[in-house]
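Take a look at the model shown here. The report that follows goes through it part by part.

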Number of protein chains: 2
Amino acid sequence: MTEKKARGAQAGDGAERPALPATSWAVLGLLSFGEELSGYDLKKWSDWSLRFFYWSPSFSQIYGELKRLEKVGYVTSRMVAQETGNRDKRVYVITDEGLAAVRHWAREAPVEPPVLKHGVMLRLWLGHLLEADRMREVLGRHREYAETMRHRAEVDAAGARAEAAWAYPSLVLKWSERYYASERDLADAMLADLDELAAAEDAGAAGDAERKRP
Amino acid sequence: MTEKKARGAQAGDGAERPALPATSWAVLGLLSFGEELSGYDLKKWSDWSLRFFYWSPSFSQIYGELKRLEKVGYVTSRMVAQETGNRDKRVYVITDEGLAAVRHWAREAPVEPPVLKHGVMLRLWLGHLLEADRMREVLGRHREYAETMRHRAEVDAAGARAEAAWAYPSLVLKWSERYYASERDLADAMLADLDELAAAEDAGAAGDAERKRP
DNA sequence: CTAGACATATTCCTATTAGAAATAGTCTCC
DNA sequence: GGAGACTATTTCTAATAGGAATATGTCTAG
């Protein structure tokens, strides 16, 4: 009894809304704070705010989304000529419909599992293809990355804490800080596991080695 | 001085190797354990083994990859007629070239940051659009998911521990178990933060409320 | 004063990735 | 003997990633 295509699915609150992909909601979400922003602004904004927990959309995606969102009436745009040098730009604002739509999405969308693509773990999973030292090196680099991200989240969280308007972004930054701290600790734990594994292998191979090297 | 296109980049060990996307390496990695597998097998395999830390490729991707890998000579295939019912299938094995290529990838590829797309955090970041109760509900569901995954990883890790051949996959399962435990704890910590935030808001709004309600 | 680096602003192009659906054969259970 | 489930693969479409191209303007070093 599954609908053939749930495009333009209605919502339970009566309003007919087009089905949109995740990125659309991210862009609309950025605009839901009420500011008038250009595509370029949005890119920078998302790079700075979403990077800790959500992959940043590319320019092409953002500009594409904005066109789509305008077509369905969730945002409107106007051109602005810039006083201080710089090229003219098109700025976008969210409409009441758009605000209702993101709000509905934030409230009613099903809770979906996070997407994780952990290249480092994929490589370690293929441990039979690497030397132990190289594994440690890869893990060490990853640990560094996690600590860098943790530190950035910490700094940003400190900056956001003051403003009452950033209460929720602030909360998520705190989460991010802990997330990357955990990622770092997980790397450390795995380094310890690797040492243990190596020790066990050495113990097992000791007899072999003696037989090979006189 | 960046190369225009590094397709077919050479490696430092002399061998010319075509540049492949991540999924190719995942598929080739699955085959690097030496078994002869069909596309269908690979899909199930990856669903069971990579799901904890690496998004599983779809059927279409796997079959596509296999064709590409065969074209570049990293795998070879043959048809097998199945005795016990079932349709004939095409099974793939890794070649020496292919093994050298994954090994090279596992050893030399740059360490890249994991990709995380955390829809739940995106929604909480937009906390100004949700009621506090709904936020708690979403977070609670996510906590459940994390605990389920942790438990699955625990079970799989217990199963893999025995076999010496699974030493590295086993290590990564252990990591996964800890990762999901941490994800669960992070959800709990955030629930506590939400309570704290609500308490602070109530305290701040107490004066207002008195003025409003006689 | 000018070449080059840098920042804003947007578009174009292409490959990768995701995922649903179509197709097809065999098996089992009722 | 038909419904549903499992194996097995292909096809199609949309979403996503990301580099390159194209403008335009500022600022700085030589």
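## A strand pair across the chains

In this predicted model, three bridges join β4(A) to strand β4 (residues 115–117) of chain B, and the two run antiparallel. Strands here are DSSP runs of E with at least two residues, helices are runs of H or I with at least four residues, and both are numbered from the N terminus. Two strands pair if DSSP finds at least two bridges between them. L116(A) stands opposite L116(B) in β4(B).

Residues are numbered from 1 along each chain as its sequence is written, chains are lettered from A and ligands numbered from 1 in the order in which they are written. Local features need pLDDT of at least 70, side-chain atom pairs count only at pLDDT 80 or more, totals for chains, interfaces and linings use all residues, and side-chain values use heavy atoms, with hydrogens and water left out.

## The interface of chains A and B

The contact (heavy atoms within 4.5 Å) takes 66 residues from chain A and 66 residues from chain B. About 7,000 Å² is buried between the chains, and carbon and sulfur atoms give 70% of that. Buried area is the accessible area (1.4 Å probe) that two parts lose on being put together, summed over both. In chain A, W125(A), Y168(A) and W175(A) lose the most area to chain B, together 13% of what that side buries.

Six salt bridges are counted between the chains. Each is a side-chain nitrogen of Lys or Arg within 4 Å of a carboxyl oxygen of Asp or Glu. One of them links D193(B) and R178(A), with the closest N and O atoms 3.1 Å apart. On the side of chain A that touches chain B, α7(A) gives the most, with 18 residues.

## The sheet in chain A

Three strands of chain A form an open, antiparallel sheet in the order β1-β3-β2. Its edge strands are β1 (37–38) and β2 (75–80), each pairing on one side only. Six bridges join β2(A) to β3(A). In β3(A), V91(A) is the bridge partner of R78(A).

T95(A) lies in the loop between β3 (89–94) and α4 (96–108) of chain A. Is T95(A) buried or exposed? T95(A) is buried (under 20% relative accessible area, 1.4 Å probe, protein chains only), because its relative accessible area is 16%. T95(A) touches G73(A), Y74(A), V75(A) and T76(A), not counting residues up to four places away in sequence.

Note on methods: Buried < 20%, exposed > 50% of the residue type's maximum accessible area, 1.4 Å probe, protein only.
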